[in-house]
Amino acid sequence: MRDMDYLTLLSHEFPTARSCAAEMINLKAILALPKGNEYFFSDIHGEYESFIHLMRSASGVIRAKIEEIFGSLYSEDEKQALANLIYYPSETLNDYKHANKLTDEWYESTIHQLIALCREVASKYTRSKVRKKLPQEYGYAIDELIHTNETDPDKKLYYLEIIKAIIQTGVANDFIVALSELIQSLLIDTLHIIGDIFDRGPRADYVMDELISFKNVDIEWGNHDISWMGAAAGNEACIATVLRIATNYNSFDVLEDGYGINLRPLSMFADKVYRGDDSECFRPHLLDDNKYDSVAPELAAKMCKAITVIELKLEGQLIKRHPEYDMDDRLLLDKIDYEKGTVVIGGTEYNLLDKHFPTINPDSPYELTPEESRLIETLKYSFLHSRRLQKHIRFLYSHGSMYKICNNNLLFHGCIPMDEKGEFLVLKTDEGSFSGRDLMDYFEEKIIDSYFVDGDDAPERKQSAVDMMWYMWAGAVSPLFGKDRMATFEHIFIEDKSLSKEHLNSYYEFSGKEEYCDKIFEEFEMDKEHAHIINGHVPVKVAKGEKPVKANGKLYVIDGGLSKAYHSKTGIAGYTLIFNSHHLALAEHRQFERDGVNTPEMYVTETMKRRLLVKDTDIGKEIEKQIFDLEELLECYSLGLIKEKSK
């Protein structure tokens, strides 16, 4: 017998042999159901409109279901109209109201269509699971309609009377919204976000709100997420990094309207210090308009320059404080001849594109001026005391990790760092040497320490972890960064663009080969015959012939460039990987247009030998453990070792 204390505790939930047996029957039935649909997204980068559309449309699966169920019964326009209604029910109903389309006949026909779709997408779940997703107000009616056979003469009148009552009582709009949201919810059972929710795009905060509202989601942190997490933990270099990228991509709404970060001190400082400076090298990328905080491009450029100089100083201080980071090549402010306007890199002197540095003391270039110190303290206060930001960051912690193994798929954002020989790259620290899986675990421990260790009780441990957050953003052995260096300085200040080239870690060469994927699977103790690596970080340049599936189907790189900044390079707008009970499939996104047809192109990449059931999944293994526990409890009841409790 197993631990009697545990079984006694379990008996409080199942106090009789009958209740124990009933639960075993339920769990065994669940094991025989098809596995739920898993959706994998990567590199969302604040593109909330595209992401929310993909969530509501289940990356094109809803449109495919409409085609499957209704086929030639309706025209293409009618099927697309039904799809749009499901994606955006409130907005579509409002449009139809103004167009006088909301007749009783339309309501009846539409509810019939939505019920047919609901019935189809709910068929792979237990009635209990579907009920849990039903809205409280209309749960009974929806449950009855889904599970009533309207072709049965004895049930047809009952079915029709429910629909008639919905229309006559004036709740048809609310009912249609509820049905549409139920369809959306049922099609995505589990959501995996493989990094980079933040930066470049307009509203990462809206993306976070969407994720928080989703019941079953996990997040594998990306380098852009880590910089925001570091900023929220008080890392000043990360704060400067976040602000540089935001000002450079004209993302003022997410800072001020989204998170309440007060940028007025930065704008006042920049306008004062760089007045008369065109700051041409810092002109923002105007990919999106700000609705709430419109900033003139000229001022945005000055703000970007001001925070960039502060960032370079703060990074220099970190590098000097941590020689173990081995990043002295990034110390370039002390390599500038401020009179000539040149910099020496690798023994060669280069002219600077911008030569105006009023806040840099050539004798102590990494020292902040008193004004800069006050500014960064003010900005730090905003980050630490933004309730909405801290709520979102806590969600990243509670639902996030460096990597995840799920259904024999290994999920991580960037890479498992390798050297030029294909061996796992080693990070040497005062706490030991780490590589492969141990390196991922070490960084995860540091990420947790940076936010949760009490600074008063463990100041050194806390500060070391907070500093490490920046290293994970830009360090050569960071699995999240995956490059040899962060060439921010060269990219901005040097005309020769060969100097700003950031070389990818050797992982990206070796992981395209099956034997190196197997090496990684062995490191993570996975079944290499059926395993997959799923990661993002590096956009797949489809326009140049690159493919997202590599290593004979063992590696999926699903960063196809959801961010507008990548569209010209990739030729597409990202990928969704979908893993259902039949196959793995990639949905190749179109560039999102508010009023366009945004259905992705879907193609199957791997077909399962047989339909996968819940028993074939990690959840199935957990259910089998529960069944085993219940069998032991049932035996305890039969032997009288645990007494049944009366009702």
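Val 207 is buried, with a relative accessible area of 0%; "buried" means under 20% relative accessible area, "exposed" means over 50%, and "partly exposed" is in between (1.4 Å probe, protein chains only). You'll find Val 207 in helix H12 (residues 204-213). Helices here are DSSP runs of H or I with at least four residues, strands are runs of E with at least two, and both are numbered from the N terminus.

Keep in mind that this is a predicted model, where local features need pLDDT of at least 70 and side-chain atom pairs count only at pLDDT 80 or more, while totals for chains, interfaces and linings use all residues. Residues are numbered from 1 along each chain as its sequence is written, and side-chain values use heavy atoms, with hydrogens and water left out.

- Leaving aside neighbours within four places in sequence, Val 207 is in contact (heavy atoms within 4.5 Å) with Ile 44, Gly 46, Glu 47, Tyr 48, Phe 51 and Ile 197.
- Val 207 and Ile 52 are 155 residues apart in sequence, but their C-alpha atoms are 7.5 Å apart in space.
- Ala 178 sits in helix H11 (residues 172-187) and is buried, at a relative accessible area of 8%.
- If you skip the neighbours within four places in sequence, Ala 178 is in contact with Pro 135, Tyr 138 and Ile 142. From Ala 178 to Leu 134 it's 44 residues in sequence and 8.0 Å in space, C-alpha to C-alpha.
- Lys 124 belongs to the loop between H7 and helix H8 (127-133), and it is buried too, with a relative accessible area of 11%.
- Ser 506 is in the loop between helix H22 (488-493) and helix H23 (507-510), and its 18% relative accessibility counts as buried. Residues up to four places away in sequence aside, Ser 506 touches Met 418, Asp 419 and Glu 420.

**How helices cross**

- A quick word on the geometry: axes are lines fitted to C-alpha atoms, for helices over the stretch in contact, and angles run from 0 to 180 degrees between N-to-C directions.
- Helix H4 (residues 61-70) and helix H5 (residues 76-87) have axes that come within 10 Å and cross at roughly 135 degrees. That makes H4 oblique to H5; angles under 35 degrees count as roughly parallel, over 145 as roughly antiparallel, 65 to 115 as roughly perpendicular, and the rest as oblique.
- The crossing of H4 and H5 is right-handed, which is the name used if the near helix is turned clockwise from the far one by less than a right angle, with left-handed used if anticlockwise.
- On the H4 side, Ile 62, Arg 63, Ile 66, Glu 67 and Phe 70 meet Glu 76, Lys 79, Gln 80, Leu 82, Ala 83, Ile 86 and Tyr 87 in H5.
- By class, the contact of H4 with H5 has seven nonpolar, one polar and four charged residues. Ala, Val, Leu, Ile, Met, Phe, Trp, Tyr, Cys and Pro count as nonpolar, Asp, Glu, Lys and Arg as charged, and the others, Gly among them, as polar.
- H5 also packs with helix H7 (residues 104-122), at about 75 degrees and with the axes 12 Å apart, which makes H5 roughly perpendicular to H7.
- Leu 82, Leu 85 and Ile 86 of H5 make that contact with Trp 106, Thr 110, Gln 113, Leu 114 and Leu 117 of H7. The residues split into six nonpolar, two polar and no charged.

**Helix H19**

- Helix H19 (residues 387-399) has 13 residues and should span 18 Å at 1.5 Å a residue, which agrees with its end C-alpha atoms being 18 Å apart. The expected span is 1.5 Å times one less than the number of residues.
- The buried residues of H19 are Leu 389, Gln 390, His 392, Ile 393, Phe 395, Leu 396 and Tyr 397.

**Positive phi**

- Most residues other than glycine have a negative phi.
- Asn 100 is not a glycine, yet has a positive phi of about 60 degrees; it is exposed, at 68% relative accessible area.
- Ser 279, also not a glycine, has a positive phi of about 50 degrees, and at 0% relative accessibility Ser 279 counts as buried.
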